[in-house]
Amino acid sequence: MWRWESLLPVIDPVYIVTLGEGDTPLLPLSRLGSHLGLPRLYLKDEGVNPTGSFKARGLSAAVSKARELGIEKLAMPSAGNAGGALAAYAARARMQAFVCLPQDTPVANILECRVAGAQVHLVAGLISDCALLVEEKSRLEGWFDLSTFKEPWRVEGKKVMGYEIAESFGWQLPDVIVYPTGGGTGLIGMWKAFQELRELGWLETRQLPRFVAVQSSGCAPVVKAFEAGDLACEFWRDARTLASGLRVPKSFADRLILQVLRDSQGTAVAVSDQEITEANVRLGALEGIFCSPEGAATLAGLYHLIDSGWVHAADRIVLFNTGSGLKYIS
């Protein structure tokens, strides 16, 4: 079976920084699907990645490329999981890492960064406030800024999730992908992956999935912009949600996210923290899977899609769990 390392244009293989092997599973949600009247319901479980989340996808590629180019100091703002992935891969690559986190970031994420040797700075604010500090530190001290969409390699790593979905379905594609959207790297990366596979002639279909961006009602800039028909998002004031990865007041790639939703004939859905919590319990009770709050948000969003008639029994639907629920226990 191919590995994503073989798809990256890395000049010297010694610079590939790895922490684990194997694709993340695509799990049929048989009991939940039966309960919902959706017999073709699946979960892409990214919680089994190294560092316990999908952030390992993008950071493994970005750190590998930075190592190849001779960069020694990497910095980024994070809501939690991305910082842990940067710290871990930087440690493997013998590079310095600086991670700026909101002070109410889950404790597991903070400890993960520190244990891996990263410099950690906590900010009384949101990821947007952390981004300003990282930008200043990069300018004054020569750190390379790995913020979302400030370099191209994180999206290249994330798009491999799309390759795995296509391979899992025998080079067919699902009808709907429900994705928790903060920065949006994975959503944009998978759309890029599907277009590439279609152009290469690897797919058995020309039809691409409809993407659904799920956000928290306490921080839903993409949902607001999509419903208003806007081309870009407004900054979301006073962002609040228990799903820390969804607490992104304005993605740097907001225009691209909205374009993917429209090009794929998709939609955007906001869910409450209560709905997220209830969905997490339901998914655990029916399927034995302990999702991150962001992952549970996709199930909460699916209920909205069912109620509105946007999805149908014949649809092949993939929910994304972006991380292990164990990382949110504190």
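Is Gln265 buried or exposed? Gln265 counts as exposed, at 59% relative accessibility; here buried means under 20% relative accessible area, exposed over 50%, and partly exposed in between, with a 1.4 Å probe and protein chains only.

The model is a predicted one, in which local features need pLDDT of at least 70 and side-chain atom pairs count only at pLDDT 80 or more, while totals for chains, interfaces and linings use all residues. Residues are numbered from 1 along each chain as its sequence is written, and side-chain values use heavy atoms, with hydrogens and water left out.

## Backbone

Gln265 sits in the loop between helix 10 and strand 9 (267-271). Helices (H or I, at least four residues) and strands (E, at least two) are DSSP runs, numbered from the N terminus. The phi of Gln265 is near 60°, a positive value in a residue other than glycine. Most residues other than glycine have a negative phi. Thr51 also has a positive phi, of about 70°, although it is not a glycine. Thr51 belongs to the loop between strand 2 (41-45) and helix 2, and it counts as buried at 18% relative accessibility.

## Largest pocket

The largest pocket holds about 630 Å³ of space. A pocket is found on a 1 Å grid over the protein atoms alone, as an open set of points where a 1.4 Å probe fits, with protein on both sides within 12 Å along at least five of seven lines; a cavity is a set from which the probe cannot get out, and lining residues have an atom within 4 Å of a point. Grid points are joined across faces, edges and corners, and the volume is the space filled by probe spheres set on the points.

The lining of the largest pocket consists of 36 residues, and Ile127, Thr148, Gly182, Gly183 and Val248 lie nearest its centre. Several elements supply at least two lining residues each, among them strand 3 (73-77), helix 3 (81-92), helix 6 (153-158) and strand 7 (176-180). Helix 5 gives the most, with three residues. By class, the lining has 15 nonpolar, 15 polar and six charged residues. In this scheme Ala, Val, Leu, Ile, Met, Phe, Trp, Tyr, Cys and Pro count as nonpolar, Asp, Glu, Lys and Arg as charged, and the others, Gly among them, as polar.

## Salt bridges

Side chains of opposite charge can pair when their charged atoms come close. The whole structure has 16 salt bridges, each defined as a side-chain nitrogen of Lys or Arg within 4 Å of a carboxyl oxygen of Asp or Glu. The table gives some of these pairs.

| Pair | N to O distance |
|---|---|
| Lys192 and Glu156 | 2.9 Å |
| Glu196 and Lys192 | 2.6 Å |
| Glu234 and Lys224 | 3.4 Å |

The side chains of Lys192 and Glu156 meet in a salt bridge. Lys192 lies in helix 8 and Glu156 in helix 6, so this pair ties together parts that are 36 residues apart in sequence. Lys192 is partly exposed, with a relative accessible area of 30%, whereas Glu156 is buried at 17%.

Lys192 also pairs with Glu196. Both residues lie in helix 8, four residues apart, about one turn of the helix. Glu196 is partly exposed, with a relative accessible area of 22%.

Glu234 is in the loop between helix 9 (221-228) and helix 10 (254-263) and Lys224 in helix 9, so the pair ties together parts that are ten residues apart in sequence. Lys224 counts as partly exposed, at 48% relative accessibility. Elsewhere, salt bridges that share partners join Lys44, Glu46, Arg57 and Glu164 into one network.

## Surface patch

Val107, Leu111 and Val115 form a nonpolar surface patch, with about 300 Å² of accessible area together. Patches are made of residues with over 30% relative accessible area and no salt bridge, where like charges are joined within 9 Å and nonpolar side chains (Val, Leu, Ile, Met, Phe, Trp, Tyr) within 5 Å. Accessible areas come from the Shrake-Rupley method with a 1.4 Å probe, and for residues only the protein chains shown count as cover. Val115 is part of helix 4 (residues 107-115) and counts as exposed, at 72% relative accessibility.
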